[in-house]
Amino acid sequence: MRKDFPHLGFFLFFLSVWSSLSTGMAMAKNETIPVNVGVVLDFNISLGRIGMSCISMALSEFYASHGNYKTRLVLKTRDSRRDVVGAAAADLIQNEEVKAILGPGSSPQANFVIGLGEKAQVPTISFSATSPSLSSLRSQYFIRATLNDSTQVPAITAIFQAFEWREAVLIYVDNEYGDGIVPYLTDALQGINVQLTYRSVISPVASDDQIGEELYKLMAKQTRVFIVHMFTPLGSRLFAKADEIGMMGEGYVWILTDG
């Protein structure tokens, strides 16, 4: 459930090289060329705040090491505030005339922004949208700067083989991020003769009572091996409730994805 920010320096380097090539004639002059790059993140959550700090540091370190570059990426930030990501991206494309967009933070948001970028021919570079389903969009204007969630499936199946478990319950969030891993995980578990006896789909805005109701339903079932795939805020609430009702003790197994 953790979110990391790998290879930001590399992609800022890529953007700088790309913008330099696109403004090659201007580089012949002794002047600095600003290149607007949009950043769409939710600054009300840790992912957005930490991501912005990492981007700023990577950009600062890049130009400290490459002072000869005439182009300078100028970050134009917009707070997605969870629900207005489309408006934020559209504003960057139409009014700021950005050459690329970094973000947004989640797979459902990225899915929407990719569509806008495709129409405007503006690349979207996401360092945290991990849903495998985004790859199926086949957009030449989408760059994923992180691993997708399907890369975790072999590790999960290896755990089942090692302990010789034959049944599992999948618990995942009801959105693009949650749905993306399901077909990969289902196929891989079937390949080693492990049956998913139940799929528990949790709304991203589920209340604690609703989470508890679903967990009580799972407690009544025989399967005691659970695979959980959801974002940290929702996952933390789920495990707090599971602990409260006695599902974190002996006899229960919980496997968490990292996406």
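Between which two elements does the loop that holds P104 lie? Select P104: the loop runs between β3 (101–102) and α5 (107–120). Helices (H or I, at least four residues) and strands (E, at least two) are DSSP runs, numbered from the N terminus. The peptide bond from G103 to P104 is cis, with omega near -5°.

Before going on, note that this is a predicted model, in which local features need pLDDT of at least 70, side-chain atom pairs count only at pLDDT 80 or more, and totals for chains, interfaces and linings use all residues. Residues are numbered from 1 along each chain as its sequence is written, and side-chain values use heavy atoms, with hydrogens and water left out.

Next, select E97, in the loop between α4 (85–94) and β3. E97 is not a glycine, yet its phi is positive, about 50°. With a relative accessible area of 58%, E97 is exposed (exposed is over 50%, buried under 20%, partly exposed in between; 1.4 Å probe, protein chains only).

N193 is in the loop between α7 and β7 (195–202). N193 also has a positive phi, near 65°, and is a residue other than glycine. Its relative accessible area is 62%, so N193 is exposed.

Now go to D79 in strand β2 (residues 71–79). D79 counts as buried because its relative accessibility is 19%. Its side chain reaches the backbone nitrogen of F43 at 3.2 Å. Contacts of D79 (heavy atoms within 4.5 Å), leaving out residues up to four places away in sequence, are L41, D42, F43, N44 and V84.

Show helix α6 (residues 153–163) and helix α7 (residues 176–191) together: they pack at an angle of about 35°, with their axes 10 Å apart. Axes are lines fitted to C-alpha atoms over the stretch in contact, and angles run from 0 to 180 degrees between N-to-C directions. V153, I156, T157 and F160 in α6 meet I181, Y184, L185, A188 and L189 in α7.

Last, select I171, L215, L238, M247 and W254, which touch the most other members of the largest nonpolar core, a set of 20 residues. Such a core joins buried Ala, Val, Leu, Ile, Met, Phe, Trp, Tyr and Cys residues through side-chain atoms within 4.5 Å. At least two residues each come from β6 (167–173), α8 (208–219), β8 (225–229) and α9 (232–244); α9 gives the most, with 4 residues. Another core, of 17 residues, lies apart from it and includes Y172, L196, V225 and I255.

Note on methods:
A polar contact is a pair of N or O atoms within 3.5 Å; within protein, one must be able to donate a hydrogen and the other to accept it, and residues adjacent in sequence count only if both atoms are side-chain atoms.
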